[in-house]
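Please study the structure shown below.

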Amino acid sequence: MESKYAINSLFPEELKNWMIQIGESAFRAKQLFHFFHKEQLSEIEKATVFPKQFIEKIRKEKMDKIVLWKRVDSKKDNTKKYLFKLQDNHYIESVYLDNQGSHSTLCLSTQVGCRMGCHFCASTKQAFIRGLTSAEILLQVYEIERDLNCKVNNIVLMGIGEPFDNYEAVVRFLKLFHHPDGHHMSYRNMTVSTCGLVDEILKFSLEDIPLNLTISLHSAFDKDRRLIMPIAKKYSIFQILNACDVYFQRTGRRISFEYTLIHDVNDTMRDINQLVKLFKNKSMHINLIPLNEIDEYNKQSPNTDYIKNFQQELIRQGINATIRKSQGADIQGACGQLRGKETKGEDIIEINRNN
Ligand code: SF4
């Protein structure tokens, strides 16, 4: 087939056109989509629903696969970090977060490496290789659901990579994942986190995908933000906030802001006052994240009491602020710690799938 996409990244309409081209019945498209996205299978050889001849034709086509290589379980909470091996021998990581059994969230990767260069983030310390395909993003969910024998309630694109730097594949993934004949997750249960790619935020506001958008802010001053996030040299906070206003007007979805608290970098009264200046009278939400330490960034998080006081001061001044509960730090699976290679640590259970 002449397509830049693997067949498990195609919509039913695209599969249907292809079936017609290769002289197969159109209903096979529906069956194939069901096989990939409802049954969540990719070993076409094992599909009993298809005749042998049809399977032979499909086997020759490009189909993305990922291999569950290793799972590491936290002993402190029910967080599980997954390492997946891709067909070109690169690795990515995803994290399963269990919120006291009531609902579960998967944090998914969208790229192999990240070229955004945020100083505090492990994902950018390895070389940037490529964006993931839509199927490779989907397969992270399917593999984890199969491994845990469950259906997850939410997904967040906050793993390795900047989702909007892989715009086309991410949008295709979101639409496939929402498709009524596939997993059919509501957009309200999906979150995309961006470091603030203004052009893509504006483009995304026209996609008719009303999900939760989160902006990684991390400083309320452009000058300070440029010191920790190179993308701030391209887009100012003013431009980001304007793009967020447009996104809200077009989708009706409110936007939240992530603010990683780094001691002596962005945790002073001056920072609080600037946040208040930016967010006063805007119904936007700030999620404070204690810095999760990595070897390559020699900074610490403020202590718990300090963080609580930071939050209380924001609230006192009329800002809607919460503190994100850190999960998975003992297995290097917390925010900013994913890096797509094998990790070791104390207090962990490792389940190797490759032996
Ligand atoms: S925080 Fe996000 S955008 Fe920044 S380097 Fe890490 S993965 Fe990339």
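Axes are lines fitted to C-alpha atoms, for helices over the stretch in contact, and angles run from 0 to 180 degrees between N-to-C directions. The model considered here is predicted.

Q: Do the axes of α4 and α5 count as roughly parallel, roughly perpendicular or oblique?
A: Helix α4 spans residues 134–148 and helix α5 spans residues 167–178; their axes come within 8 Å and cross at roughly 45 degrees. The crossing is right-handed. Helix α4 is therefore, relative to α5, oblique.

Q: How many disulfides does a search of the whole structure find?
A: A disulfide is a covalent bond between the sulfur atoms of two cysteines. The sulfur of cysteine 150 is too far for a bond, because the closest cysteine sulfur, in cysteine 107, is 15 Å away. For the whole structure, the search gives a count of zero.

Q: Is cysteine 114, beside the ligand, buried or exposed?
A: Cys114 is among the residues that surround the ligand, as are Cys118 and Cys121. Its relative accessible area is 10%, and buried means under 20%, so cysteine 114 is buried.

Q: How far apart in space are glycine 328 and lysine 75, C-alpha to C-alpha?
A: Glycine 328 is found in the loop between β12 and β13, and it is buried because its relative accessible area is 2%. In sequence, glycine 328 and lysine 75 are 253 residues apart. In space, their C-alpha to C-alpha distance is 9.0 Å.

Technical notes. Residues are numbered from 1 along each chain as its sequence is written. This is a predicted model: local features need pLDDT of at least 70, side-chain atom pairs count only at pLDDT 80 or more; totals for chains, interfaces and linings use all residues. Side-chain values use heavy atoms; hydrogens and water are left out. A residue is near a molecule or strand if one of its heavy atoms lies within 4 Å of it. A disulfide is a pair of cysteine sulfur atoms within 2.5 Å. Buried means under 20% relative accessible area, exposed over 50%, partly exposed in between (1.4 Å probe, protein chains only). Helices (H or I, at least four residues) and strands (E, at least two) are DSSP runs, numbered from the N terminus. Angles under 35 degrees count as roughly parallel, over 145 as roughly antiparallel, 65 to 115 as roughly perpendicular and the rest as oblique. A crossing is left-handed if the near helix is turned anticlockwise from the far one by less than a right angle, and right-handed if clockwise.
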